Amino acid sequence: MLEQLEELKLKALRELAGVDNNEELESWRVRYLGKKSELTNSLRSLATLPLEERKIAGGRANELKAELESALSAAKTGLAARLEEKSKGTEQLDITLPGRPWPIGRLHPITQTIHEICQIFVAMGFQVVEGPEVEWDYYNFEALNIPAEHPARDNMSTFWVDYRNEAGQRPMLLRTHTTSVSARMVEALKPPIRVISAGKVYRYEASDATHVPMFHQIDGLVVDSRITMADLKGTLYEFARRFFGEERKVRFRCDYFPFVEPGVEMAIECAVCAGQGCRLCGNSGWIEILGAGMTHPRVLERGGIDPKVYTSFAFGIGIDRLPMLRYGIDDVRLFYGSDLRFLRQF
Ligand code: DAH
């Protein structure tokens with residue numbers, strides 16, 4: 001038995017010395033230390049030996065097992081070092097090559113514009129709020145003094161949601177303006193109120209260079225005691241100065257929106273022709289960028305605010321036009337085409 005073990009040891013170590021890859025090493029381990037190895041078998045056959053012999057042979061067999069295990073781990077380390085040394089000669093790794101840059105995403109130019117405008121109003125003390133894009137007829141029209149059959153609904157070609165109430169009316173739509181959020185705020189908040197909301201709005205229109213069926217607006221609402229038209233003008237002048245620069249001229253003119261009285265539109269001097277008149281501004285020298293006005297008392301009343309105690313102004317800015325003006329982009333559809341060559345410029 002002892003001789004057998006000695007022979008086994010010599011054979012095992014000889015073979016181990018010849019191993020030069022990981023597969024061979026593993027098969028050596030299975031052969032000499034695995035469950036079905038010769039060593040395991042001889043350990044099993046110990047049971048048949050007389051007691052004295054069993055003790056000696058058992059001790060030797062266990063020693064051998066430990067010896068083979070440590071030889072294996074030494075061989076493993078040695079092999080790993082040899083393999084690494086070998087690969088140095090053949091591996092094609094040029095550590096002087098520049099690294100591969102990770103592509104970095106960016107915000108869409110419209111999103112950047114929204115952030116910029118929000119920052120300007122937040123600096124003036126406004127709070128940013130949100131409202132749903134799928135909206136009730138009530139907040140989009142009714143609460144804003146635009147009842148069913150009102151002609152103002154005509155210029156807001158509406159995408160209706162195909163859902164009818166018991167009376168057969170379609171009370172749900174894709175909001176046509178973010179003024180719907182201001183209607184919600186009149187109802188939800190108590191004065192003093194200073195909020196803006198930005199987001200997508202929808203109109204059922206064909207697309208062309210200046211129209212798309214989904215675009216962006218920001219609406220603002222201020223409600224407090226003693227709010228006047230002077231506050232409206234001061235706030236919007238300040239916005240224009242901060243967004244377009246100190247020098248840009250601004251003009252207010254009368255306009256009509258059912259939810260304000262009086263209503264105005266604000267235009268900025270055309271930057272392309274410096275007010276001389278060109279194709280971009282339709283030869284007028286001015287470009288309209290927002291609608292505004294003193295909130296109609298009926299709108300406040302509907303929202304539970306007493307118009308005898310509080311007054312209010314509101315405004316709605318078309319966003320898409322602003323980066324178009326700033327960067328001289330002549331087709332609004334470019335913003336929505338997902339062409340990265342275009343979008344990566346901003
Ligand atoms: N909602 C109007 C539109 O889409 C713009 C507007 C005008 C908003 C006057 C206002 C406002 O809040 O006071 O044409």
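In this predicted model, Glu269 is in contact with Arg248, Lys249, Ala274, Gly275, Gly285 and Trp286, leaving aside residues up to four places away in sequence. Glu269 belongs to strand S7, which covers residues 260-269. Its relative accessibility is 16%, under the 20% limit, and Glu269 therefore counts as buried.

**Domains**
- The domain assignment divides the protein into domain 1, residues 2-87, and domain 2, residues 109-343.
- The centres of domain 1 and domain 2, taken over C-alpha atoms, are 84 Å apart.

**Helix H4**
- Helix H4 runs over residues 51-90, and its 40 residues should span 58 Å at 1.5 Å a residue; the end C-alpha atoms lie 58 Å apart, so the two values agree.
- Among the buried residues of H4 are Ala57, Gly58, Arg60, Ala61 and Leu64, and the list also includes Leu68, Ala71, Leu72, Ala75 and Leu79.
- These buried residues pack against helix H1 (2-18), helix H2 (22-33) and helix H3 (38-45).
- Residues three or four places apart in an α-helix point the same way, because such a helix has 3.6 residues a turn.

**Cavities**
- Two cavities of 30 Å³ or more are found in a search of the whole structure.
- Lining the largest cavity are Leu144, Thr179, Ser182, Ala183, Val186, Leu221, Phe259, Thr295, Val299 and Ala314.
- By class, this lining comprises seven nonpolar and three polar residues, with no charged residues.
- Helix H7 (residues 179-188) contributes the most to the lining of the largest cavity, namely four residues.
- The second largest cavity is lined by Tyr138, Tyr139, Ala143, Ala183, Val186, Glu187, Val299, Arg302 and Gly303.
- Its lining residues fall into six nonpolar, one polar and two charged.
- Helix H6 (137-140), H7 and helix H9 (297-302) each provide at least two residues of the lining of the second largest cavity, with H7 giving the largest share, three residues.

**Largest pocket**
- The largest pocket contains about 1500 Å³ of space.
- The lining of this pocket has 49 residues, of which Arg203, Phe215, Glu288, Gly318 and Arg321 are the closest to its centre.
- At least two lining residues come from each of strand S5 (214-224), S7, strand S8 (286-295), strand S9 (311-318) and helix H10 (321-327).
- S8 gives the most to the lining of the largest pocket, with six residues.
- In terms of class, the pocket lining consists of 27 nonpolar, eleven polar and eleven charged residues.

**Backbone geometry**
- Most peptide bonds are trans, and most residues other than glycine have a negative phi.
- Pro191 and Pro192 are joined by a cis peptide bond with omega about 0°; Pro192 sits in the loop between H7 and strand S4 (193-202).
- A cis peptide bond also joins Glu261 and Pro262, where omega is about -5°; Pro262 is part of strand S7.
- Asn283, a residue other than glycine, has a positive phi near 65° and is found in the loop between S7 and S8.
- Asn283 counts as exposed because its relative accessibility is 61%, the cut-off being over 50%.
- Ser338 is not a glycine, yet has a positive phi of about 55°; Ser338 occupies the loop between H10 and helix H11 (340-343).
- With a relative accessibility of 58%, Ser338 counts as exposed.

Methods
Residues are numbered from 1 along each chain as its sequence is written. This is a predicted model: local features need pLDDT of at least 70, side-chain atom pairs count only at pLDDT 80 or more; totals for chains, interfaces and linings use all residues. Side-chain values use heavy atoms; hydrogens and water are left out. Domain bounds come from an automatic or database domain assignment. On a 1 Å grid over the protein atoms alone, a cavity is a set of points where a 1.4 Å probe fits but cannot get out, and a pocket is an open set with protein on both sides within 12 Å along at least five of seven lines; lining residues have an atom within 4 Å of a point. Grid points are joined across faces, edges and corners, and a volume is the space filled by probe spheres set on the points. Ala, Val, Leu, Ile, Met, Phe, Trp, Tyr, Cys and Pro count as nonpolar, Asp, Glu, Lys and Arg as charged, and the others, Gly among them, as polar. The expected span of a helix is 1.5 Å times one less than its number of residues. Buried means under 20% relative accessible area, exposed over 50%, partly exposed in between (1.4 Å probe, protein chains only). Contact means heavy atoms within 4.5 Å.
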